[in-house]
Amino acid sequence: MSARVEPEWAMVTVAFVDIRGFTTFADRATAREAVDYLNGFFALSVPVVERHGGSVNKLLGDGILAVFGAPRHLPDHADRALAASVDLIAAVEGHCRVGIGLNSGLVLVGTIGGGDLTELGVVGDPVNVAARVQDATRELGEPLLLTEATRCLLDDGADAGLEPRGELALRGKREPVAVYAPQRVAS
């Protein structure tokens, strides 16, 4: 990491993206084929995130952790994350299927690490919830789910195309979390 980012609390929308079926593919593929497949996915998906003002915080093996609203403060981070997610699903359609979980909330953002290894850290419950919501996309058969916290931050009218998909009992959460799926990408 080149520039140090001073720690701060930031309101963001987090997107967890996971490639469906990659482990099965990788079990049958050569190492080169698996890496080429991942690189093809990243080449398609990273520019979509960036085009919508988000930043890819981490490449997670066969997925991405993207953040909208930090380190660049964007008041419309929820709208940008939703638009990027819909566009990302379309962009990778011929390459793979994905599951995306979106959640919004207050996170700690800043340079973390030790020795020569530092990175931009995004830490907090909203990140964990986004990951668990992404996991639920498999169970609910949806490519994209977003939480009530994200839905509430969308600009007026932006949530008109959302359909409720129930409530999820998530590990570490006392109350169930309501989730929604956009009509245009619903399975």
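Me: Where does Thr150 sit in this one?
Reply: Thr150 is in helix 5, which covers residues 148–153. Keep in mind that this is a predicted model.

Me: Buried or exposed, that Thr150?
Reply: Thr150 counts as buried, because its relative accessibility is 0% and the cut-off for buried is under 20%.

Me: And which residues does Thr150 touch, leaving out those up to four places away in sequence?
Reply: With those left out, Thr150 has contacts to Thr13, Ala78, Leu102, Asn103 and Ser104.

Me: Switching to the surface. Which residues make the nonpolar patch?
Reply: Trp9, Met11, Leu106, Leu108, Ile112, Val123 and Leu153 make it, and the patch comes to about 640 Å². Two elements give two or more residues to it: strand 1 (8–19) and strand 4 (98–114).

Me: Which strand gives the most to the nonpolar patch?
Reply: Strand 4, with three residues.

Me: What about Leu106, where is that and how does it count for accessibility?
Reply: Leu106 lies in strand 4. Its relative accessibility is 47%, so Leu106 counts as partly exposed; exposed would need over 50%.

Me: OK, new topic. How do strand 2 and strand 3 run, and how many bridges join them?
Reply: They run antiparallel, with four bridges joining strand 2 (residues 55–59) to strand 3 (residues 63–68).

Me: What stands opposite Lys58?
Reply: That's Leu65, in strand 3.

Me: Which residue takes a positive phi in that hairpin?
Reply: Gly61, with phi near 70°. The hairpin has three residues between strand 2 and strand 3.

How values were computed: Residues numbered from 1 in each chain as written. Predicted model: local features only at pLDDT ≥ 70, side-chain atom pairs only at ≥ 80, totals over all residues. Heavy atoms only, no water. Patch = residues over 30% accessible without salt bridge, like charges linked within 9 Å, V, L, I, M, F, W, Y side chains within 5 Å. Areas by Shrake-Rupley, 256 points an atom, 1.4 Å probe, with all protein chains shown as cover. Salt bridge = Lys/Arg side-chain N within 4 Å of Asp/Glu carboxyl O. Buried < 20%, exposed > 50% of the residue type's maximum accessible area, 1.4 Å probe, protein only. Pairing = 2+ DSSP bridges. Contact = heavy atoms within 4.5 Å.
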